[in-house]
Amino acid sequence: MMNTTTTTTTIPLIIHGKDILHPTNNRQHPIPSTSAPPPPLSSFQGATPALAIQAVESSANAFPAWSRTDPSERRRLLLNLARLLRTQSPHIQSLIESEIHCSPDWTEENISVSIEMIEETASLITDTLTGGIPPSKGTTYALVFKKPLGVVLGIAPWNAPLILGLRAVVPAVAGGDTVVLKGSEMSPRTHYFLAALFREAGFPPGVVNFVLHRPEDAGEVYGVMIEHSAVRKCNFTGSTGVGRVIAARAARALKPVLLELGGKNAVLVLEDAELGQAADEIVKMGFLNNGQICMSTDLVYVVRSVAEELVRRIRERLYREERPHRVISLASRARLTALVDDARSKGAVIHQAGNPLAEHPLAFPATVIEGVTESMDFYTIESFGPVFGIMVVESEEQGLQMVQRSAYGLSSAVFTRDHFKALELSGEIAAGAVHVNAGTVHDEATLPHGGLGDSGWGRFGGRWGLEEFLQTQTVVLNKCRASL
């Protein structure tokens, strides 16, 4: 681990096992902070194109040996990574809370889910790498091998910095790929910590390299990496708008991408729902981590016959909300304010909880927009903050139709006592996950996770996530003919 008290106040890059700072302080960038005094690490080293290429080429040089590393050795190193993460939990918890302004519950979730993900992936390596011998014609044998891709570029967001940072790396290195992790400028200390943890766990130099860049350099740095011949795939978790740019640039370079993007995550509450349970889950999953989760509840469709009672229960829970809420940036706060003001101007009723952080510049109260209509900006724009809306529908059929119109398809929920009906409805909802009688925020190390439509494509998680970073090769053996 870097001795930050005596060496530097700048977070370095990690290239081939070494901390890297540009000798001329080129492209160093201040870390956003609203704390006083500011944290000791007050800036980070932004990558230049030359440093980005150096990181890629380091990973390319490490790939041949790493790809031939025995699966049992990869498993041992991953389990060592999980052990280190467990022992250093207090440090990483304080890092996450200071960077993204979240509650201790969310940091604990980040740590526990991350450990489960590492251990589950380690357990899957041998089985997932197993190929096959499919039937083939005549006297031939077809052998199908699973092989690593090469260098993977992993781009991680800030909102669950440990889970999503590790998710960008762990399945790829488990399958024998090497990775350049591009961290977020909003959580650089956390992402540096996890990248350095691979080094501490014993992974060879170059297997996991780490870069950061200034926001204004994003296109340039991404461009030189995705167009480098050694980079074979990119994974990105973030907004739909940025995902379009990532995918378009990768497509020009003929590189596949795994995208987990935004979500306008819908909840459908039917006539026979247990309304107390529905209200609990909606409020919990609307405001968890200040609503800054890709799976956060955004829009609730409720059948008219139970709408009044559900809204009453949600309002009761809203006004008991005592958690302090603040968002990641002033731009995020301004965007949420504009969405709420637009809804109010078009007839919505706005309910807001008290906020212990009311005077903080990033404070935003837990908010419920009652009476959402299709004319409101909130109807189509992801909130990504402690805000969700309620829309009354005349029937479950109308509610389903409204859900189906959404361009997004990441997570959703259905509340009903009829499980067979829930299964039927789930089949009609175009989303990566449908949760019955539970909230929209749910993921486990054993499950596939990803979206449809504007929420992206491909899957993280379990064996599905590991297979994303493997390629298949077929070798056809023909019987030798005797020569005359």
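These legends go with close-up views of a predicted model.

**View 1. Helices α2 and α3 cross each other.** Here we zoom in on α2, which covers residues 71-87, and α3, which covers residues 89-100. Their axes sit 5 Å apart and the packing angle comes to about 70 degrees. Angles of 65 to 115 degrees count as roughly perpendicular, so that's the label for α2 and α3.

**View 2. Who touches whom between α2 and α3.** On the α2 side, look for Leu85, Arg86 and Thr87. Across from them, α3 brings in Ser89, Pro90 and Ile92. Sorted by class, this contact has three nonpolar residues, two polar ones and one charged one.

View 3. Domain 1 puts 18 residues into the contact, and domain 2 puts in 19.

View 4. Put together, domain 1 and domain 2 bury about 1,600 Å² between them. Carbon and sulfur atoms account for 62% of that area. Within domain 1, the residues losing the most area to domain 2 are His101, Trp106 and Trp158. Those three together make up 33% of what the domain 1 side buries.

Conventions:
Residues numbered from 1 in each chain as written. Predicted model: local features only at pLDDT ≥ 70, side-chain atom pairs only at ≥ 80, totals over all residues. Heavy atoms only, no water. Axes fitted to C-alpha atoms, helices over the stretch in contact; angles between N-to-C directions. Helix = DSSP H or I, 4+ residues; strand = E, 2+ residues; numbered from the N terminus. Parallel < 35°, antiparallel > 145°, perpendicular 65-115°, else oblique. Contact = heavy atoms within 4.5 Å. Nonpolar A, V, L, I, M, F, W, Y, C, P; charged D, E, K, R; others polar. Buried area = accessible area lost by both parts, 1.4 Å probe.
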